[in-house]
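Dear colleague,

Please find below the structure we spoke about, together with its sequence. My notes on what was found in it follow directly after.

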Amino acid sequence: MFGHRVDCKSKSYHLLIGLAIFYLHTISCKDQQSKGEAKFEWPWSRWNKTTTKGKPAYKNDYNQMDISQFSDFERHPCRRVCQQGQSQSCYYQLVIHNYQRLGPECQRCPYDERACASESCIYGDGVATPVMAINRMVPGPSIELCENDTVVVDVLNYLSEPSTMHWHGVHMTRSPEADGAPFVTQYPVQPGEVYRYEFEADRSGSLWYHSHVGWQRGFGVAGALIVRQSRQENQHSQLYDYDLVEHALMLQDIFYDRDLQQPRNILINGKGRNHLSQLSDSDSRHRYERLRVTPGYRYRMRIILNGIFNCPVEFSIEQHKLLIISTDGNDIEPVLADGFFLTSAERFDFILEANQYAKNYWIRVRGYEECENRKLYQGAVLSYRGATRTELPQGEILETSTSTRDFTDPPLFINDFRFKAANESVFSNTLRQLDKDNNVGTVALRSLHPVPWSRYTKFQTYYSSFSLRQSPNGEQLFQIDEITYNSPGISLLQGRNLFNDDGYFCNSSSLATQGRNCQRDLCECVHVIRMPAFRPIEMVVANYMDATHPFHIHGYTFRLVGQGVLGNLNDLRNIRELDRRGRLSRLPEDYAAVAKDTVQLPGLGYIIVRFISDNPGFWLYHCHVESHAVQGMVAVLKVGEDHQMKRLPARVRC
Ligand SMILES: [Cu+2]
């Protein structure tokens, strides 16, 4: 009891100090504002809608930059064959700046393919449109590391708006301040400023990096982050001969100009045909990405979807099978398939055996949902040594045959986002789906590693929901737990000792305690869900919308133990009730559930994910469709107590 009182006293003491600092801070910010300096938004500022409101001042200021600052890291010393116990310290400089597709640098490219390779030309699909580039590249340069390398990246913001960089898939166990979540783990990097990200490559796999502010990812601020293992540690090393960085493909649905309403194309490594022209796919005036292979060898390929709109894609290669070995950087038991689906931020690695007649083949990407409405698709060229280097495959990209097999044998695709409703066991449903449609659902994939808990582990379950509602003024509000996220004004990790959580945060239970009904009222606040550290955690997330949403959390890799569609019964009240009666089934306890950091939350369906909360901190939890996240489909997981998190200097800032 005594201890408790002391604790309370010290808490209120801290709170008083915190309030005093806030007060002083607000005063000084007001002073600065009156002098016409930086504006301090307090207490709430909406989620970083930087590029949506008003027209930002786009300056083509890259001309003044020192060209020697740019690098594609092709000769970087950390690009090497990984050896056990030989980690390095790796330094990179990323300059983010405004740029243009089909700018003056590309004048000769439409007539001469070789001219497109000039280092300063971003040809894209041949439509002039503003982009945000990294080191004059879209997507940005690939970073290649070995597991356990120490990474130091200076990000120079030459944009005319704030920015941050998120390292998608890196757990940031010892460096939460490098996670790149604006006002959660850091203050945004202001125009003209540099921020140094220092972290350890704490796991291997196909990871990526991207801006976490506004629509910058959609303007092109993203790149591949490939972390390899030594041959001894790599359990799939026997399956392939080559793992080349040029075989990493970043797919992106893009918009034109600053029209953020709709996707206009899908690009593969920033290239491809446009859909404004009537030219056939195999017309030599299109500029496609080319992947070269030599007959008889096996190649590891890495596919990353930098998805901006609700635009899942289907990936396949003409007349080739894909041996799928990894998803989101996590190795799985290999599955031989004809192709796979990706929603935003998901990755698949596969092995392609160059065992077909030596010619050029189409690599095919077909868009669905919002991309299907506009009939968007894209191609790249798989070019065998011996085939004509400049020639394109014959025929149209999507019309060519799917498989090398006989057509009576239906093609097999994995990770299909189009689920079928079923009230029964998810797992038997998955197996039946395998049977009927010959497709493998995400939940049926098997990790190479058993789950890190026992069959007797008791999980603490959190129920959560993704939904959409209309505000009275017609604005679409995307929500988690029927709350639209507002960005705080004080970065949560840096300022955590300066505020009282209960006054600063909200979540469904705190709002219910206050008598707020978020189904009726509009709830907008700093949505923070608290979880204890170092506990087995389970999240059951329901989707109230027809569309699939890519569920993503920072700081963790989780295991997917359930995924299904309940249709009209898919609300949390029903799901809780089903669960209470033991009818919301999970995979068997001994099943090596697939490990992911982003997973499809099916339309009118649900997912069940599990992880051990061994990484205390503030971690974003959000939909990875950019257009949904900027409209509020975001929350924060506060894992552990303030004292369990890394000590960082408390900072407030204008
Ligand atoms: Cu979404």
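Both Phe315 and Phe350 are buried, where buried means under 20% relative accessible area, exposed means over 50%, and partly exposed lies in between (1.4 Å probe, protein chains only). Their ring centres lie 5.6 Å apart with the planes at 45°, so the pair is tilted; rings of Phe, Tyr and Trp (its six-membered ring) pair if their centres lie within 6.5 Å, with planes under 30 degrees apart counted as stacked, over 60 as edge-to-face and the rest as tilted. This pair links distant parts of the chain, since Phe315 belongs to strand 14 (residues 313-317) and Phe350 to strand 18 (residues 347-353), 35 residues apart. Helices (H or I, at least four residues) and strands (E, at least two) are DSSP runs, numbered from the N terminus.

Before going further, please note that this is a predicted model, in which local features need pLDDT of at least 70 and side-chain atom pairs count only at pLDDT 80 or more, while totals for chains, interfaces and linings use all residues. Residues are numbered from 1 along each chain as its sequence is written, and side-chain values use heavy atoms, with hydrogens and water left out.

By the ring rule above, the count comes to 31 aromatic pairs, and one aromatic cluster is formed by Trp167, Tyr195, Tyr197, Phe199 and Tyr209. Two charged side chains also lie over ring faces: Lys596 over Phe348, at 5.4 Å from the ring centre, and Arg610 over Phe459, at 4.1 Å from the ring centre. A charge sits over a ring if NZ of Lys or CZ of Arg is within 6 Å of the ring centre and within 35 degrees of the ring normal.

As for the metal, the copper ion is coordinated by ND1 of His549, SG of Cys623 and ND1 of His628, at 2.0 to 2.1 Å. Donors are N, O and S atoms within 2.8 Å of the metal (3.2 Å for Na, K and Ca), and water is not among the atoms, so sites may look incomplete. The spacing of the donor residues in sequence is H-x73-C-x4-H. Cys623 is buried, with a relative accessible area of 0%, and His628 is buried as well, at 5%.

The structure holds seven disulfides, a disulfide being a pair of cysteine sulfur atoms within 2.5 Å. Among them is the link of Cys106 and Cys121, whose sulfur atoms are 2.2 Å apart and which is right-handed, with 110° about the S-S bond. Both of these cysteines lie in the loop between strand 2 (89-101) and strand 3 (129-134), so the pair ties together parts that are 15 residues apart in sequence. Another disulfide is formed by Cys109 and Cys116, with sulfur atoms 1.8 Å apart; its torsion about the S-S bond is about 95°, so this disulfide is right-handed. A further disulfide joins Cys518 to Cys523 (S to S 2.1 Å), and here the torsion is about -95°, so the disulfide is left-handed.

Turning to the chain as a whole, its secondary structure comes to nine helices and 34 strands, and 59% of its 654 residues count as buried.
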